[in-house]
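Dear colleague,

Please find the structure below for your study.

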Amino acid sequence: MLSRRSLAFGAAGASVLLASEAKAQSPPADAGQSTMDRIQQTKTLRIAALPGEAPYFNKDIAAGEWTGMCIEMTKDIAGVFDAKVEYIESTYGNSVLDLQANKIDLAFALNPTPKRALVIGFTHAFYLHGFGMVGKKGFKASNWSDLDKPDVKIAVDIGSTHELSARRFASHAQIIALPKRDDCIIAVQSGRADCVILAVNLGLTAVKKNPGLGEFQMLHSPRVQLPTCMGIRMETDKRWQDFLNAWVDFNRGTQQIREWLYGGLAINGVKPEDIPPDVEL
């Protein structure tokens with residue numbers, strides 16, 4: 001059984017929620033100025049930027065420039081206000097605390113977990129992040145039942161939604177829990193594990209970076225998908241949230257968000273034709 005740990009769902013949908021986040025106090029009352037008013041007056045949009053989290057964020061250390069799906073989304077949002085973008089380097093867990101402290105206006109690629117919903121607000125989902133697996137060469141699985149066997153060895157990163165899903169839907173398999181996602185990849189490459197459970201973006205990227213792995217395959221029956229949203233500060237003035245919801249609905253409906261995602265995936269060499277047809281983006 002899993003221990004009582006808080007789970008954070010991010011880039012994939014699978015980071016450990018910081019203990020400090022779980023212990024966060026109730027959000028502070030508005031500090032006299034709403035997010036919408038601050039952005040319109042200062043012409044600055046502050047976001048949490050996460051180094052090394054492609055396709056969402058990628059930083060060129062030499063040039064100091066940011067690229068990625070969420071960077072393009074940010075630029076488009078800022079453009080509506082003729083505002084510049086200020087990047088505050090953070091992590092998935094810390095971005096929640098940054099919102100509470102009013103250090104940032106937006107935190108990207110967060111899953112609306114119940115604990116998080118107690119301390120920050122969320123926009124509509126800008127896409128649904130599905131789960132699948134990357135196996136060793138020749139290992140195939142399309143349903144969770146294909147993995148739910150005593151002779152199957154599944155690698156998962158400790159405390160993630162990958163682990164939660166594997167223990168729930170493949171409880172008869174041998175679960176190999178390791179500290180980091182990279183450890184899970186190595187376990188598959190070395191033959192210690194048959195496969196690793198990964199969210200779509202992480203799985204597609206892992207295959208591109210590690211040619212020795214097998215292909216990424218979506219898992220069905222059930223199909224595990226988590227909404228990916230933008231996090232915002234809790235405040236009584238709802239204009240910022242209402243604007244962002246309208247922005248998400250419009251850009252998702254016109255397939256613009258899909259194009260930004262494709263551009264982010266391309267950072268790691270993932271092309272549209274590399275994405276399995278049963279992956280919904």
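In strand β13, M218 is the bridge partner of G132. The model is predicted, so local features need pLDDT of at least 70 and side-chain atom pairs count only at pLDDT 80 or more, while totals for chains, interfaces and linings use all residues. Residues are numbered from 1 along each chain as its sequence is written, and side-chain values use heavy atoms, with hydrogens and water left out.

Helices (H or I, at least four residues) and strands (E, at least two) are DSSP runs, numbered from the N terminus. Two strands pair if DSSP finds at least two bridges between them. Strand β9 (residues 127-135) pairs with β13 (residues 216-218) in the antiparallel sense over three bridges. Five bridges join β9 to strand β12 (residues 195-199), also antiparallel, and there M133 stands opposite I197. With β14 (residues 225-232), β9 forms four antiparallel bridges; L128 stands opposite P227. Eight of the nine residues of β9 are buried (under 20% relative accessible area; exposed is over 50%, partly exposed in between; 1.4 Å probe, protein chains only).

**Salt bridges**

The whole structure holds 11 salt bridges (a side-chain nitrogen of Lys or Arg within 4 Å of a carboxyl oxygen of Asp or Glu). One of them joins R46 and D105 at 2.9 Å, N to O. R46 lies in strand β3 and D105 in the loop between α4 and β7, 59 residues apart; both residues are buried. Another joins R239 and D237 at 2.9 Å, and D37, D237 and R239 are linked in a network.

Yours sincerely
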